[in-house]
Amino acid sequence: MRVKIVMELRDVPGQLTKAIEPVARLGGNIQGIMHQRERKTPLGRIPVMLVFEIKDKKTLEKLLAELKKNGIAVTQIGESIRGVKRTTILIGHIIHTDIRDTIDRLNGIPGVRVSDMSLAMSELGKDSSARMTITADSEGSSNLAIKKLRQISEQKDLLLITSLEGEE
Amino acid sequence: MRLILVGFGNLGRGLGITLAEKQEFLKKRQGLVPKVVAIVDETGALVNDDGIPSAKFVAMARSGKKVEKLAGAKKGEIVHDTIEKVAADVVLELTPTNIKTGEPGLGHIKTAMKSNKHVITSNKGPLVVAFKELDALAKSQGVEFRYSASVGGAIPVIELARKLLAGNEVQEIKGVLNGTTNYILTRMGEEGAPFDMVLKEAQELGMAEKDPSLDIDGFDTAAKLVILTNSLLAINAKLKDVKIAGIRKITPEAIKLARDAGQAIKLVGAAKKGMLEVSPKMVPLGQPLAVSGSLNAVTLKLDLAREISITGFGAGPKETSSSLLGDLIDLHRTLGC
């Protein structure tokens, strides 16, 4: 699971190590650290936002306990980042044009995965319909995925319907 | 205000009846006394310099006759001659749309402008084919040119943007601009019925043409999008610039899958700088564009007001009369005639 926390660190050397060492030790993968120096607290502490991937909720709780033990104040906990979700509809010979290949090509884009798929068949030989949800870790990779799906749809003669939601 | 009605089909007759029915209202509330001094179509012309009496006009409109069959009409192809020679302030060009050539409306409008008459039209054809040319001709001739009724039927989207939102720059236009396709998609969703079956039902109800391709293949939406793009985004767009996909391939299963995800499938026309597209899109339920039945809706993205959406009936003689009459009153106020 992907987690974002905000902690307040004293503005002295070695504080950040105290905060990130337990994350690494518990198998977490840090994806971003951001110091918010402009939001320094009245007691002179610096808010630091930490984004990391961690195994599960139980491990997260263990981590939060360790941080507390190290004297680190966590002000925002466990706000998970869901990524950028885009829902699309495909109509055509979805299975016969190798649905596996369609999904693999999308999953091949870094930071993109097909996170949900529902298929509805119609009469034999007629077009089937699918709803596909694509989750990406950024707006940029989400747009790349939609662009890729557009190309695939053209190659496979599928009608792609995207949503106005989230379109730029 | 002296009017020439060009085209005496559903719209021409509808407008004639509305003018007669609202005679008192127009006089009292707007100070407008419209006089139809000529009705003309491809078969002939009926001219009455004093104005055709409204009772007579209504009877003629209800008879459903072509102009040549009306009492006192002159037969023959005399449209241009009538527009040119009959003394009038405004020509209402209401002939059927041809989005490929723009004719016969394009020629009628040019003749009217060249003979120094103001023009109001509901006809998409001339605007799609020659927007810039007509706009320039109107300016050089010093005449007014109004076309509210060409897009969105009763929805005053063009005037809304040009007048009430005049301080804004329109950045993007998105719209459900075709009632027939919207009706078909709505019914497919309600009944779970396939496209062909619902299209047939729509044709039987008179909601779709015998040759429905203009609507269902997206050309009508594209034509309206071209007009909106020219008039509101100030981009010189032509029909060939629009990437068009229609609704033939949509299945009831796809509509259900979309609905399960909180979305409706609509044929949407979208325009901004560098992008002109008509295609089926998913619209989140509850958003202004997720209108049902034969309704139309337009959302404008603006630099100051952010977003403004407007919904209403996009077709029908009475609904279109609302826009035509709006233009007429606007000309009356602008010109004082």
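Trainee: How much area do chain B and chain A bury between them?
Mentor: This is a predicted model. Of the area buried between chain B and chain A, 61% is on carbon and sulfur atoms. The total for the two chains is about 1900 Å².

Trainee: In chain B, which residues lose the most area to chain A?
Mentor: Three residues stand out on that side. Together they make up 36% of what the side of chain B buries. They are K249(B), L257(B) and M282(B).

Trainee: How many residues does the contact take from chain B and from chain A?
Mentor: Both chains contribute to the contact. Chain A gives 23 residues. Chain B gives 21 residues.

Trainee: How many salt bridges does the rule find across the interface of chain B and chain A?
Mentor: Start with polar contacts: chain B and chain A have eight residue pairs of that kind, both residues at pLDDT 80 or more. A salt bridge needs a Lys or Arg side-chain nitrogen within 4 Å of a carboxyl oxygen of Asp or Glu. Across this interface, the count by that rule is zero.

Trainee: Which elements give two or more residues to the side of chain B that touches chain A?
Mentor: By class, that side has eleven nonpolar, three polar and seven charged residues. One helix and two strands of chain B each give two or more residues. They are α12 (252–260), β10 (263–272) and β11 (275–284).

Trainee: Now chain B itself. How far apart do the C-alpha centres of domain 1 and domain 2 of chain B lie?
Mentor: The domain assignment gives domain 1 of chain B as 2–153 + 317–335. Domain 2 of chain B is 162–313. Their C-alpha centres lie 28 Å apart.

Trainee: In domain 1 of chain B, which residues lose the most area to domain 2 of chain B?
Mentor: The two domains bury about 1400 Å² between them, 68% of it on carbon and sulfur atoms. Three residues together account for 38% of what the domain 1 side buries. They are I99(B), V128(B) and V151(B).

Trainee: How many salt bridges are counted between domain 1 and domain 2 of chain B?
Mentor: K163(B) and D330(B) meet through their side chains in a salt bridge, at 2.6 Å from N to O. That distance meets the rule, because the cut-off is 4 Å. The count between the two domains is two.

Trainee: Which element gives the most to the side of domain 1 of chain B that touches domain 2 of chain B?
Mentor: Two elements of chain B give two or more residues there: α6 (124–141) and α13 (317–335). The one that gives the most supplies six residues. That element is α6(B).

How values were computed
Residues are numbered from 1 along each chain as its sequence is written. Chains are lettered from A and ligands numbered from 1 in the order in which they are written. This is a predicted model: local features need pLDDT of at least 70, side-chain atom pairs count only at pLDDT 80 or more; totals for chains, interfaces and linings use all residues. Side-chain values use heavy atoms; hydrogens and water are left out. Domain bounds come from an automatic or database domain assignment. Buried area is the accessible area (1.4 Å probe) that two parts lose on being put together, summed over both. Helices (H or I, at least four residues) and strands (E, at least two) are DSSP runs, numbered from the N terminus. Contact means heavy atoms within 4.5 Å. A polar contact is a pair of N or O atoms within 3.5 Å; within protein, one must be able to donate a hydrogen and the other to accept it, and residues adjacent in sequence count only if both atoms are side-chain atoms. Ala, Val, Leu, Ile, Met, Phe, Trp, Tyr, Cys and Pro count as nonpolar, Asp, Glu, Lys and Arg as charged, and the others, Gly among them, as polar.
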